[in-house]
Amino acid sequence: MPSLKFCANLSWLFTDLPEFTQRLHAAVASGFRAVEAAWLYESDLQELQKAKEQAGLEVVLINTPAGDVKNGELGLGALPGRQADFRRGLDMAVMYAKALDCKRIHLMAGRVPVGVERATVAMEMEATFVENLKHAADILSKEGILGLIEPINTRITDPRYFLDNPHQAAVILQKVCQPNIMLQMDVFHWQIMDGNLTQNIQKYFPLIGHVQIAQVPGRNEPDSPGEVNYPYLFSLLEQLGYKGYIGCEYKPLGTTDAGLGWVREYWKSHK
């Protein structure tokens with residue numbers, strides 16, 4: 001069985017350091033060989049490239065731009081009438097990904113508009129998302145980049161997010177029907193929305209192109225008190241032959257480095 005590969009999410013870890021370039025160096029000093037991040041677009045791309053090369057890290061994943069954050073947007077993929085904005089954001093994400101040699105982009109779905117009932121726009125938003133994902137598949141295939149869609153829970157984290165469970169995501173992926181558009185499994189969100197983790201992971205494993213982790217409900221380190229038995233899930237992913245990365249997307253209870261005992265123990269036991 002292959003050992004699991006972990007990457008530090010620099011939007012959540014080492015946040016005492018203001019610059020992503022600083023966090024890259026902190027990640028490698030803590031033992032990571034790969035990182036991911038949500039949005040790097042306010043950072044100078046040349047400085048990011050330089051820091052990445054100096055640190056010798058792989059950049060595993062970035063997100064498409066969130067859109068108009070001040071007006072409550074969190075992704076554009078499923079927003080009717082915003083296809084042109086989604087495509088411009090995708091082009092920017094591809095530019096950053098190519099410069100950083102990043103092979104995965106999370107294609108964010110976005111939120112149900114304020115004041116609108118989800119049920120009244122669900123079909124239109126799904127159709128828009130499928131249309132945009134097919135476009136993204138064509139663009140990304142030319143660059144050797146994998147596109148990912150991630151369900152985000154609507155019970156705690158984001159009540160208006162359009163894509164909120166793996167079953168909905170699987171239906172969308174079936175309609176897109178492109179091998180380079182896959183499922184991003186954040187265990188935190190899956191547990192909150194549906195539980196039944198073993199069965200869902202086994203069922204959707206062929207669709208999974210990336211994994212992220214955090215304890216439930218606090219969204220802290222995987223070994224902090226909570227609902228999810230991560231040693232069991234790690235063993236399950238090993239048995240299934242998962243070869244991708246697992247993103248550490250959680251809020252450290254203290255300093256990031258002080259909370260990394262769980263992953264250092266894994267690395268030590270899998271040498």
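This is a predicted model: local features need pLDDT of at least 70, side-chain atom pairs count only at pLDDT 80 or more; totals for chains, interfaces and linings use all residues.
Me: What makes Glu 150 and Glu 249 a set?
Reply: UniProt, in an unreviewed entry, places the feature "active site" at Glu 150 and Glu 249. The lining of the largest pocket takes in both Glu 150 and Glu 249.

Me: Why is Glu 150 called buried?
Reply: Buried means under 20% relative accessible area. Glu 150 has 5% relative accessibility, and therefore counts as buried. Glu 150 is found in the loop between β5 (146-149) and α5 (166-176).

Me: Why is Glu 249 called buried?
Reply: The cut-off is again under 20%. Glu 249 has a relative accessible area of 9%, so the term buried applies. Glu 249 is placed in the loop between β8 (245-248) and α9 (261-269).

Me: How do you know which residues Glu 150 and Glu 249 touch?
Reply: Contact requires heavy atoms within 4.5 Å. Setting aside residues up to four places away in sequence, Glu 150 touches His 106, Tyr 161, Leu 163, Gln 184, Asp 186, His 189, Gln 212 and Glu 249. With neighbours within four places likewise left out, the contacts of Glu 249 include Asn 9, Trp 12, Glu 36, Glu 150, Asp 186, Gln 212 and Arg 219.

Me: What makes the pair Glu 249 and Gln 212 a polar contact?
Reply: A polar contact needs N or O atoms within 3.5 Å. The side chains of Glu 249 and Gln 212 are joined by such a contact of 3.5 Å.

Me: Why is β6 described as largely enclosed?
Reply: Six of the six residues of β6 are buried, so the strand is largely enclosed by the rest of the structure. For strand β7 (residues 208-213), six of its six residues are buried as well.

Me: What is the handedness of the crossovers from β5 to β6 and from β7 to β8?
Reply: The chain crosses from β5 through α5 to β6, and this β-α-β crossover is right-handed. From β7 the chain passes through helix α8 (residues 230-240) to β8, in a crossover that is right-handed.

Me: Why is Gln 215 called buried, and what does its side chain meet?
Reply: The relative accessible area of Gln 215 is 2%, against a limit of under 20%, so Gln 215 is buried. Gln 215 is in the loop between β7 and α8. A polar atom of the Gln 215 side chain lies 2.8 Å from the backbone nitrogen of Val 228. Contacts of Gln 215, beyond neighbours within four places in sequence, include Phe 188, Asn 220, Pro 225, Val 228 and Tyr 230.

Technical notes:
Residues are numbered from 1 along each chain as its sequence is written. Side-chain values use heavy atoms; hydrogens and water are left out. UniProt positions are given in the numbering used here, feature names are shortened, and annotations may be inferred rather than shown by experiment. On a 1 Å grid over the protein atoms alone, a cavity is a set of points where a 1.4 Å probe fits but cannot get out, and a pocket is an open set with protein on both sides within 12 Å along at least five of seven lines; lining residues have an atom within 4 Å of a point. Helices (H or I, at least four residues) and strands (E, at least two) are DSSP runs, numbered from the N terminus. Buried means under 20% relative accessible area, exposed over 50%, partly exposed in between (1.4 Å probe, protein chains only). A polar contact is a pair of N or O atoms within 3.5 Å; within protein, one must be able to donate a hydrogen and the other to accept it, and residues adjacent in sequence count only if both atoms are side-chain atoms. A crossover is right-handed if, with the strands pointing away from the viewer, the path from the first strand over the helix to the second runs clockwise.
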